[in-house]
Amino acid sequence: MSKRVLEITDLSKTYNVSGTRALDGATLTFHSGEIASLLGENAAGKTTLMKIIVGIEKPDSGSMLFRGDKYIPLGPSSALEKGIGMVPQSLKVISQLTVFENLLLGFKTNLLGGAIKHFKERIEEVMQRYRLQLPLDKKVESLSTAQRQKLEVVRVLQNSPKIIIFDEPTTLISETEKEELFETFRRLSAEGKAVIFITHKLREAYSVSDRIYVIRSGAIIGRYRREETSVEELHKLVSGEEISTDRIQLTSSGEVVLRVEELSIEGSVDGEEAVRRVSFEVKIGELLAISGVAGNGQEELLEGIFGMRKILSGRVLLDGKDVTNMSPRNLRKLGLAALPSDRDGAASCKTATIKDNLVIHRVIDGSWIIDDIGLDAFARELLSDYGVVYGSIFDPALSLSGGNLQKLLLSREISSEPIALLLGEPSRGLDVKHLHLLRAVLTKLKDEMAIVVFTTDLEEALKVGDRIIVMSEGRIVYNDVNRPGLSKHGIGRLILNATGERQ
Amino acid sequence: MIRRSGANGRSFIVIALALAAGLVLVLIMSEEPLNATRAFFLSVFSNRFYFGNLLAYSIPLILTGLAASFAFTSSCFNLGIEGQVYLGALAGTAAGTLLFGRLSGVAGIFVMIIVSFLFGATAAGISALLKTRLGVNELISSLLLSNGLVLVVDYFIEGPLNDRPSGLAATVSLPDEFRFERLMSPSNLHSGIFFSIVAAIILWFFLFRTREGFKMRIAGMNRRFAYYSGVDTKKVIFWSLFVSGGLASTAGIVDVIGIHGRVMRGFSSGYGWNGIAIALVARNHPLMVIPAALFFAYLESGAQIASLEANVTTEVAKIAQAVIFFLVTAEALIPEGFWRKRYA
């Protein structure tokens, strides 16, 4: 029978910098042997709540009881010692080290030979027990995102925690990997651990959880056992709107704006071909969605077209003009805009201010002396048009929640009024309400420009795309108009038949 | 603009710790601790001579601090400042010697500074080109190049430009017309201080109020983002190192014009490294470089006065500076969240 392991009473937290009230009297309980999800929109207070539980943030008021005792964590490592571990959203691993070395980093006893051997045995036992197989001697840089996530899970598990928190773990991984992750959840809860699953994805929360807490504006507004609720009810509660599953309607298509011919693009290793002889064209009014399992060349394709990666052979034509291997600066001048899926590394500068992230193109195209008054006004207007929640435009971009940053970046690219727009993972990190908004915006925009959406989420591709391309190992393995009745499994079968070997 | 809320608090602690280190050393090493402490910390304010010298010593440090900040702002590392200061001093002095009798005082000084700037800028520009064309790490190339340049300058001081009659390891002296005016005699303070302050203000305006400065700051924070957003990052790297090297060289020539009147072997030793430490304390902010440089000059002057008046070795200042260098480079010692306001 499940026992209460963590009781949270009336937690509140206001951030001084922005004055945002992130938590407003949140009260909830987690039980051992249960999977509980914390479901809410962007900036609803999910992450803040978790940061308080592991001691990264201090609450203004409220209290926590851990296994019946008063619990005041001093920081993530003290929380982990006490028995609460977190798998963070942005994974904190060192890619130059091997998997095992990364695990050793959290290991506190002195590192005599015997201790290491013993530690290795323990890690192997943990991996065995929870079926989290990892190549211990491989460097982390060669691991996929899902494998890195497993590494974080193993790291947390070797401390035998009572509670494991997963912060938005499904954002960056594929459908199959998601199933595996949920399998891990179940195994953990069967061992009597409490699993806390933070997410904004309704269906995922519903499908895997025993208990669901809905959080909105910093307060818990719904508490359910799974059997007491339904997806529809949750949706209403989360966003306050009805769900509509309609796909964006196909509009009449116009002229070809962007054409890619036999394109091969260099990968991260010199001479490696990440994209191989890819050809397609995009018309105004026809939204092209490029999908496939992450790491099969989609990201490189976007970066290659946009001049951020070397094109080895083939051509890119923008409005009939050859723009192969042109720099982003010149491509922007010709009317191409792009949002790379590498949000932190390329698409934004987290240490720069919100304003600088927004106005950079205006500054670069502007006068020699910066017109700060005009730019401030421009930034504020754009942010309010797209409903970005922020403290001050002079706060660093890292003060924004993931979804709000996403909106900011989209607004920046769209505001440059391009003739062709490449969007890497535009739906990543957005909750139901903002997903709908995004789709509505895309529908409107595609009458004016050619849009290519790169998404590893095939279901999302089927929702927004008029034409679907699926990539595998750098090649296009599927390219067809999106017809009603086309499903994920249907496409999967077609690809399987075509390639014959991949599972 | 970049938020720097955390910088002041942390720099303040660093400075306080450095002063404490200085105090402890003075107390340990001196036989008359009270007198030594007074000499080290207070004597400098007791007369025009000491105070003027403090200000004079800060002039080249402001310029080398600006030189380091300017490169750091775009995430480039100019470790060749030592050599560039020395080279600039020599090139400017040589130009001054050649120009004697052909140009008036002000014009002559102007040309000397320009020539000096171009020499240092070229030296740093070579490292920049090696980086953008061949991917050579500028940190290493600028350091090695600078070490070589020091030897070349030494050769000119001992050889072609040597002031033979004097028997010194120094070049011939500049004519009096090509010297800055003294401001607080009998101290060394000269009008070059206005040059360094104006340089700081111009750099501040450039970095925070102009398009090119914006590009430089963004490229410094995230080069890939800058490139994606349309900044020509190679150009940014080149110009930031070019200007950095030039500024470093002006530190050398301004010091020569203002104080020594000639280039003496090794006269600028330490200006470059201190400039780097000053940039770190000032968090690369051009206006903050001025107080940071004054503080370094204060430590140096205090140590010198203490050695005269209270028999404390001048190495005390070096150790206090080393403490600063250590603390600012070991930022990790002070948890980030301790100073910076936290974000969701």
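Visitor: Leaving aside neighbours within four places in sequence, with which residues is B:Leu66 in contact?

Guide: Two residues are in contact if their C-beta atoms, placed from the backbone, lie within 7 Å. In this predicted model, B:Leu66 contacts B:Ala199, B:Ala200, B:Leu203, B:Leu247, B:Pro286 and B:Val289, apart from neighbours within four places in sequence. Residues are numbered from 1 along each chain as its sequence is written, and chains are lettered from A in the order in which they are written. Local features need pLDDT of at least 70, side-chain atom pairs count only at pLDDT 80 or more, and totals for chains, interfaces and linings use all residues.

Visitor: Which residues touch the most other members of the largest nonpolar core?

Guide: A nonpolar core is a set of buried Ala, Val, Leu, Ile, Met, Phe, Trp, Tyr and Cys residues joined through C-beta atoms within 7 Å; buried means that 20 or more other C-beta atoms lie within 10 Å of a residue's own. Here the largest core has 178 residues, and B:Leu66, B:Ile278, B:Val289 and B:Ala306 touch the most other members. Helix H10 (residues 233–260) of chain B gives the largest share, 15 residues; a helix is a DSSP run of H or I, at least four residues, and a strand one of E, at least two, numbered from the N terminus.

Visitor: In what order do the strands of the open sheet in chain A run?

Guide: Strands of a sheet pair through backbone hydrogen bonds, either parallel or antiparallel. Two strands count as paired if DSSP finds at least two bridges between them. The order in chain A is E6-E7-E8-E3-E9-E10, with mixed pairing. Strands E6 (84–87) and E10 (219–225) are the edges, each pairing on one side only.

How values were computed
Buried ≥ 20, exposed ≤ 12 C-beta atoms within 10 Å, placed from the backbone.
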